[in-house]
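Reader: I'm new to this one and I'd like to learn how to read it. Could you put it up and walk me through some features?

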Amino acid sequence: MSALRRNATIALAIARKDALAELRGRQAVGSTIFFAALVLLLFGFALGPDSRRLAEAAPGLLWLAIVFGGLLTVARLHQLEADDGALEQLALYPVDRRAAYAGKALAGAGAMLLLGGLLLPVVAILYGVPLGAAWLPLAVTVILGSVGFAAVGTAYAGLTVRMRAREVMLPLLMLPIVAPLLLAAVKATVAAVAGDPFGELGAWLQLLAGFDIVMLIAGAATYGFLLEE
Amino acid sequence: MKTRILGFAALLAVLAATVNGLFVVPADLNQGDAQRIMYVHVASAWLAYLSFGVTAMAGIGYLVRRDLRLDAIALAGAEVGVMFTAFAIWGGMMWGRPVWGVFWQWEDPRLTTTALLLALYAGYLLFRRLTDDPHRRAARAAVVGLIAAIDIPIVHFSVIWWRGLHQGPTIGDPGKILTPSAPPLFVLALMSMLAAFTLVWSYLMIRRYQLARTEWQIEEHGRLGRISAARRSFSTESVSEEAAP
């Protein structure tokens, strides 16, 4: 029990450090959110001025914007460390690797949550979708989606951060992996906005939760191998 | 030599299974000759899954044992698997055109799953080429192969639900051909094709493994050559320094 508590403390400390660096530097999350909002604006141009069509496509576009913004977010969280040579120090800490992973994933999930939370009103305004009524299922969807994306993203950003052509490799590896997450999150969002007429919302949220759990375990189990190098 | 015999045996087996599938087994009543694609399509899909399973297991093995031979097996599995996956997709599209009327059927969970599978492991192969140090490459690739393998069932279920929760089942599901109502001749033809393809698979796996080992030895040779060259130039420098004063 005490080991678990100690690991939780370590994870929280690492997440807090990332959050602090972000708050003081104010580089990554702010510009990422701006980028994702810009993507949403461009989707509007790409799909034409037909507002009904835009409202129909809104859940898919929202999650694509979250995925694109998320790729930048998770890459940024590791890039900052690598630039300062802090990744080596993180690897040298005499702490459980799983705790280090949990901390980085927690920081990533927090950034993703912020991204998703701020994009929801943007989608509601730009595409004219009434999201306010379904705020509770939408919040659950965004939370589960953020955790899942951060779980995969932390492992893969750790994997690619010291590689050549990492800007290409991270999306190339991550996009097919998060395909089920995208699918389930879009379906859950569609169901939530429509008031869940077919009673399928629960199934999609379960799939998201399952994805989160599996990927968190896989990330925690393998993150140590990536830090060791 | 033994591998070469295996190669010829595989070639003969594929020829025999092809002749059987094309001319001996009668055409399907509903789908006509198009159904014959099933023999190669299903066989290559199964072998693709087998290959990716091998890649994941060999990757785990590498992480535990740190033996580069296991990494060579993982590489062989991914490369052969990508080939069989591409072949399965191509076969599926050729089959889908006459039966469904379209090359690409978004409602078919297998086709979409297989497309993601191809993307996952093509990424794996690209990823491998970007790291030079053999052990570092092996460890990173093992993690990628493992997460990809874990993702496959999730992808499969999500795609099935995606279709299933939304609308009724589509017709022409390839799996239905293998229900017990399928004529035993068809099943036999599929099994013989699968056996022949498995021989090809074994041959390709062995050859790719051997090639990876050779490549690795060349890399190692080059590295040792560079080290000794550096050492030699260093020693001549120190000699000339000693001679100078």
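Reader: Let's start with two helices in chain A: which residues of α3(A) meet which residues of α8(A)?

Author: This is a predicted model, where local features need pLDDT of at least 70, side-chain atom pairs count only at pLDDT 80 or more, and totals for chains, interfaces and linings use all residues. Residues are numbered from 1 along each chain as its sequence is written, while chains are lettered from A and ligands numbered from 1 in the order in which they are written. Two residues are in contact if their C-beta atoms, placed from the backbone, lie within 7 Å. Helices are DSSP runs of H or I with at least four residues, strands are runs of E with at least two, and both are numbered from the N terminus. On the α3(A) side you'll find P59(A), G60(A), L62(A), W63(A) and V67(A), and they meet L182(A), A185(A), V186(A), T189(A), V190(A) and V193(A) in α8(A). Sorted by class, that contact of α3(A) with α8(A) has nine nonpolar, two polar and no charged residues. Here Ala, Val, Leu, Ile, Met, Phe, Trp, Tyr, Cys and Pro count as nonpolar, Asp, Glu, Lys and Arg as charged, and the others, Gly among them, as polar.

Reader: At what angle do α3 and α8 of chain A pack, and how far apart are their axes?

Author: Two packed helices are described by the angle between their axes and the distance between the axes. The axes are lines fitted to C-alpha atoms, for helices over the stretch in contact, and angles run from 0 to 180 degrees between N-to-C directions. Helix α3 (residues 51–83) and helix α8 (residues 179–193) of chain A pack at about 140°, with axes 9 Å apart. That makes α3(A) oblique to α8(A); angles under 35 degrees count as roughly parallel, over 145 as roughly antiparallel, 65 to 115 as roughly perpendicular and the rest as oblique. The crossing of α3(A) and α8(A) is right-handed, a term for the near helix being turned clockwise from the far one by less than a right angle, with anticlockwise being left-handed.

Reader: And how do α5(A) and α9(A) pack?

Author: Helix α5 (residues 97–126) and helix α9 (residues 201–228) of chain A pack at about 115°, with their axes 8 Å apart. They are therefore roughly perpendicular to each other. The crossing of α5(A) and α9(A) is right-handed. From α5(A), the contact uses R97(A), R98(A), A100(A), Y101(A), A102(A) and A105(A), and from α9(A) it uses L216(A), G219(A), A220(A), Y223(A), G224(A) and L227(A). The contact of α5(A) with α9(A) splits into eight nonpolar, two polar and two charged residues.

Reader: Is H78(A) buried or exposed?

Author: A residue is buried if 20 or more other C-beta atoms, placed from the backbone, lie within 10 Å of its own, exposed if 12 or fewer, and partly exposed in between. H78(A) sits in helix α3 of chain A, and it counts as buried because it has 27 C-beta neighbours inside 10 Å. Leaving out residues up to four places away in sequence, H78(A) touches A157(A), G158(A) and V161(A).

Reader: What should I look for in phi angles?

Author: Most residues other than glycine have a negative phi, and most peptide bonds are trans. A165(A) isn't a glycine, yet its phi is positive, about 55°. A165(A) is in the loop between α6 (135–160) and α7 (166–177) of chain A. In chain B, R66(B) has a positive phi near 60° and lies in the loop between α2 and α3 (68–100).

Reader: How many residues does each chain bring to the contact between A and B?

Author: The contact takes 25 residues from chain B and 25 residues from chain A. On the chain B side, α5(B) gives the largest share, 15 residues. By class, that side of chain B has 19 nonpolar, three polar and three charged residues.

Reader: Where should I be careful in chain B?

Author: Where pLDDT is low, the predicted coordinates should not be read in detail. pLDDT is the predictor's confidence in each residue, from 0 to 100. Chain B has a mean pLDDT of 84, with 88% of its residues at 70 or more. Over residues 165–172 of chain B, pLDDT stays under 50. The model scores ipTM 0.88 and pTM 0.86.
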